[in-house]
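Hi everyone, thanks for making the time. Let me put the structure up, and then I'll walk you through a few spots in it.

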Amino acid sequence: MIYNLITYLIQPLVWIRLLWRSRKASTYRQRWAERYGFFQEKVKPGGIMLHSVSVGETLAAIPLVRALRHRYPLLPITMTTMTPTGSEQVQSAFGKDIHHVYLPYDLPGAMNRFFDQLNPKLVIIMETELWPNLIKTLYRRKIPMVVANARLSTRSVAGYKKFSGFIADIMRRITLIAAQNEEDGARFLELGLKKSQLVVTGTLKFDISVTPELAAQALTLRRQWAPHRQVWIATSTHEGEESMLLQAHRRLLVAFPDLLLILVPRHPERFPIARKITMKAGFSYIIRSSGEIPARSTQVVVGDTMGELMLLYGIADLAFVGGSLVKYGGHNPLEAAAHAIPVLMGPHTLNFHDICSKLGKAGGLITVTEVQSLVNAVSVLLTDKNYRLCHGLHAIDVLYQNQGALQRLLHLLEPYLPQRSQ
């Protein structure tokens with residue numbers, strides 16, 4: 001009752017926050033009705049619902065959704081997100097192949113309206129989204145709920161333990177948690193989850209691959225953009241990082257005057273900001289959405305499209321993954337590793353600690369600390385092709401050696417879904 005009262009009372013603050021964020025991204029002013037469980041003919045009931053809160057979780061879910069579509073072609077799949085960027089990622093990856101709406105806010109009425117219409121056979125939650133009314137509603141309706149690719153930080157455990165009785169009751173109502181590793185699994189047990197509700201499957205983030213179609217597209221684009229030039233890419237950048245990366249690029253151009261940088265901010269609202277920073281820094285640049293082919297004089301391509309990151313990695317000789325030179329916690333380096341190119345990151349990689357640790361120990365990840373160390377590392381990689389290829393091979397080896405979580409998860413989901421026709 002206290003939780004519900006607080007959740008209702010803060011709704012005006014939620015609206016203010018949405019309006020505030022809409023200053024930079026107008027999509028935050030749209031589709032508010034969906035956030036309260038109202039949507040018209042956007043979904044088909046009786047299928048699988050998968051929730052991925054935003055971009056990172058959605059990217060991790062893509063191989064799972066494709067596998068579910070292949071295994072259960074007659075079951076409709078609905079993906080829900082909480083952010084417009086997550087929504088754009090879903091639509092970019094799947095188009096009309098699956099249904100998409102926002103997950104409503106965790107209010108009893110909104111959740112009941114939502115599941116009255118959707119009535120899924122199974123709900124899959126990516127990583128860790130523990131919404132009490134969502135879980136309670138599914139439990140009462142006897143709809144199984146699986147938390148896939150689950151992770152839980154020590155800091156989150158400490159916060160949850162302040163409400164230990166409340167959290168233990170929530171844990172009891174979850175059907176199954178498929179944890180990324182033993183450490184994450186142990187943290188869920190600390191909160192009251194039973195061992196019978198826990199399976200360690202590994203992380204789905206390793207279960208990605210470059211399809212022949214994507215490889216062919218990347219090869220074509222590389223021939224169009226830079227047939228005789230070296231290319232490096234900086235992705236998922238945050239405030240403060242674009243300036244540092246452009247400083248590094250300026251220094252690199254002294255030794256490598258034909259070098260091309262592809263700069264891809266993490267969030268769409270930063271696309272125009274990155275463009276302005278690049279322009280003010282005096283670089284010759286184009287934006288990806290223009291469809292232009294870089295001229296010989298083009299020094300920077302600002303990536304301002306959604307759903308093309310894997311393609312753009314395929315053009316590059318090496319990659320820097322952002323959110324790591326600033327204290328954000330880093331982003332997923334495995335999409336770059338899948339292309340067998342060297343991966344560089346800053347020191348702030350808490351969000352992907354386990355993955356970065358594996359890559360670092362195998363020689364597939366190079367850690368840089370500031371602009372000059374980034375310049376030094378990139379210079380060595382561009383100068384020594386064998387050294388560059390070696391780091392790329394180490395990176396993709398780590399990816400291959402840790403795959404298998406997807407198949408383990410699909411096996412765990414079978415009891416909750418109709419028997420597959422042979």
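Predicted model: local features only at pLDDT ≥ 70, side-chain atom pairs only at ≥ 80, totals over all residues.

Now helix H8, which runs over 164–172. Here Ile167, Ile170 and Met171 are buried. Their arc around the axis is only 100 degrees, so they end up on the same side of H8. And what covers them? Among the elements doing that are H6, helix H7 (154–160), strand E6 (176–179) and helix H9 (182–190).

Our next helix is H12, residues 271–280, and its buried residues are Phe271, Ala274 and Thr278. They span an arc of only 65 degrees around the axis, which means they lie on the same side of H12. As for the buried residues of H12, they pack against helix H11 (241–255), strand E9 (260–265), strand E10 (285–287) and strand E11 (300–302). After H12 comes Gly282, and its phi is positive, near 85 degrees.

While we're on phi, a bit of background. Most residues other than glycine have a negative phi. With that in mind, have a look at Asn119, a residue other than glycine with a positive phi, near 40 degrees. You'll find Asn119 in the loop between H5 and strand E4 (122–126). Asn119 counts as partly exposed, at 45% relative accessibility. Lys142 is another non-glycine residue with a positive phi, in this case near 60 degrees. Lys142 belongs to the loop between H6 and strand E5 (145–150). Its relative accessibility is 73%, so Lys142 counts as exposed.

On to empty space. Rolling a probe the size of a water molecule over the atoms shows where it is left. I'd like to show you the second largest pocket, which holds about 320 Å³ of space. There are 16 residues lining this pocket, and the closest to its centre are Asn4, Pro132, Asn133, Lys136 and Arg173. Which elements give two or more residues to that lining? Those are helix H1 (2–9), helix H5 (108–118), helix H6 (132–140) and helix H8 (164–172). H6 contributes the most, with 6 residues. If you sort the lining of this second largest pocket by class, you get 8 nonpolar, 4 polar and 4 charged residues.

Let me also point out a few single residues. Gln11 has its place in helix H2, residues 11–21. With a relative accessibility of 6%, Gln11 counts as buried, since the cut-off for that is under 20%. What does Gln11 touch, once we leave aside its neighbours within four places in sequence? It is in contact with Tyr36, Tyr105 and Leu107.

Next, His331, in the loop between strand E12 (318–321) and helix H14 (334–337). His331 is buried too, with a relative accessible area of 5%. Its side chain makes a polar contact with the side chain of His238, at 2.7 Å. Again leaving aside neighbours within four places in sequence, His331 is in contact with Ser236, His238, Arg266, Val321, Gly322, Gly323, Met345 and Phe352.

My last stop is Gly346, which is in the loop between strand E13 (343–345) and helix H15 (353–362). Gly346 counts as buried, at 2% relative accessibility. Not counting residues up to four places away in sequence, Gly346 touches Phe320, Ser324, Leu325, Thr367 and Val368. And how far is the C-alpha atom of Gly346 from that of Gly329, 17 residues apart along the chain? The separation is 9.3 Å.

That's my tour, so over to you for questions.

Terms used: Residues numbered from 1 in each chain as written. Heavy atoms only, no water. Buried < 20%, exposed > 50% of the residue type's maximum accessible area, 1.4 Å probe, protein only. Helix = DSSP H or I, 4+ residues; strand = E, 2+ residues; numbered from the N terminus. Arc of directions from axis to C-beta. Contact = heavy atoms within 4.5 Å. 1 Å grid on protein atoms, 1.4 Å probe; cavity = no way out; pocket = protein on both sides within 12 Å on 5 of 7 lines; lining within 4 Å. Points joined across faces, edges and corners; volume = space filled by probe spheres on them. Nonpolar A, V, L, I, M, F, W, Y, C, P; charged D, E, K, R; others polar. Polar contact = N/O pair within 3.5 Å; in protein donor to acceptor, adjacent residues only side chain to side chain.
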